[in-house]
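Open the structure in your viewer and keep the selection tool at hand. The tour below goes from stop to stop, saying what to select and what is there.

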Amino acid sequence: MRKLLCLLCACVLLMTAGCGKKNDDDTALSEPPVTEEVTPTPTPTPEPFQALVPESPAVASEWFDDALFIGDSVTLGLSLYCGENLGKAQFLCAGSMSATNLLSGLIVPTFQGQSVSLAEGVTMSGASKIYIMLGMNNIAFGVDEAAADMLTVIGQILEANPDVTIIIQSVTPMASTSNIAGRGLNNDNIRTFNAKMQELCQENEWYFVNVAEVMTGEDGCLRTDVCSDPNDMGIHVSAAGVAVWIDYLKTHTPAL
């Protein structure tokens, strides 16, 4: 009998020990896994858009292969004297052209020797970069009106090709000896118009290339060494001036 009791006690002790071990294992298994905290990589803040194109390393002439230059007789001078220094750049120009008379149809620009509308010229060129310098021929009628008409012209360009990059060039100044300077058309109004266009470029995220700064002398007028008609209209650029202009364009290209 004593042996039987001892055997029963031993069985109870074994069962109790087994249950205790199982509980310990269960407790261990129920503990949550330890995970390392991962710090998320911060998203870089994009640089704010700057319309004014700063100086940069000079690009090769080929950078302008897909560019179209729109302008008046000043830009016609660029087309005559640029040679291959602007690559295969194309030109849509007319003497005395302004945004105002372009919209009214009084002036029709020429593209590759034929008269075309603004939309036709933009489409035919296949350009992805469009440089525009207009204003000399309508600033006299009011800076705000000239700027408003420029907005309409740019709108038509983007309607014809929504993917083009718009690059506005500042209107170059007049020579101090210009015989057409007057109350409406003068260097003060040209500077006001350029400032207005830079402001609109900033608002619309278009680029603004301040060509005028390299063409302006200490007196605030068109430099005589870059002017082809100092004793006449005093607004056109000579071959030497075009070389200065091209150097400026090549060292002031937007980062596209």
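## Two packed helices

Select H2 and helix H8 (residues 239-250): the two pack with their axes 9 Å apart, at an angle of about 90 degrees. H2 and H8 are therefore roughly perpendicular to each other. Keep in mind throughout that this is a predicted model.

Now show the side chains at the contact. H2 contributes Val74, Thr75, Gly77, Leu78 and Tyr81, and H8 contributes Ala239, Val242, Trp245 and Ile246. Sorted by class, the contact of H2 with H8 has seven nonpolar residues, two polar ones and no charged ones.

Next, select Val226, which lies in the loop between helix H7 (212-215) and H8. Is Val226 buried or exposed? Its relative accessible area is 1%, under the 20% cut-off, so Val226 is buried.

Select Ala239 as well, and draw a distance between the two C-alpha atoms. Val226 and Ala239 are 13 residues apart in sequence, and 7.7 Å separates them in space, C-alpha to C-alpha. To see what surrounds Val226, leave out residues up to four places away in sequence; Val226 then touches Met215, His236, Val237, Ser238, Gly241 and Val244.

For one example, select strand E2 (residues 90-93) and strand E3 (residues 110-111), which pair in the antiparallel sense over two bridges. Within this pairing, Cys93 has Thr110 in E3 as its bridge partner.

## The aromatic rings

Now show the aromatic side chains. A search of the whole structure finds six aromatic pairs. In one of them, the rings of Phe64 and Phe69 have centres 6.5 Å apart and planes at 35 degrees, so this pair is tilted. Phe64 counts as buried, at 0% relative accessibility, and Phe69 counts as buried at 0% too.

How far apart are the ring centres of Phe64 and Tyr131? The centres are 6.1 Å apart and the planes are at 45 degrees, so this pair is tilted. The pair links distant parts of the chain: Phe64 is in the loop between helix H1 (2-30) and E1, while Tyr131 is in strand E5, 67 residues apart. Both Phe64 and Tyr131 are buried.

To finish this stop, select Trp63, Phe64, Phe69, Phe91 and Tyr131 together; ring pairs link these residues into a cluster.

## The whole protein

Zoom out and show everything. The protein has eight helices and seven strands. Of its 256 residues, 42% count as buried. Among contacts between residues at least 6 apart in sequence, 69% join residues at least 24 apart.

Key
Residues are numbered from 1 along each chain as its sequence is written. This is a predicted model: local features need pLDDT of at least 70, side-chain atom pairs count only at pLDDT 80 or more; totals for chains, interfaces and linings use all residues. Side-chain values use heavy atoms; hydrogens and water are left out. Two strands pair if DSSP finds at least two bridges between them. Helices (H or I, at least four residues) and strands (E, at least two) are DSSP runs, numbered from the N terminus. Axes are lines fitted to C-alpha atoms, for helices over the stretch in contact, and angles run from 0 to 180 degrees between N-to-C directions. Angles under 35 degrees count as roughly parallel, over 145 as roughly antiparallel, 65 to 115 as roughly perpendicular and the rest as oblique. Contact means heavy atoms within 4.5 Å. Ala, Val, Leu, Ile, Met, Phe, Trp, Tyr, Cys and Pro count as nonpolar, Asp, Glu, Lys and Arg as charged, and the others, Gly among them, as polar. Buried means under 20% relative accessible area, exposed over 50%, partly exposed in between (1.4 Å probe, protein chains only). Rings of Phe, Tyr and Trp (its six-membered ring) pair if their centres lie within 6.5 Å; planes under 30 degrees apart count as stacked, over 60 as edge-to-face and the rest as tilted.
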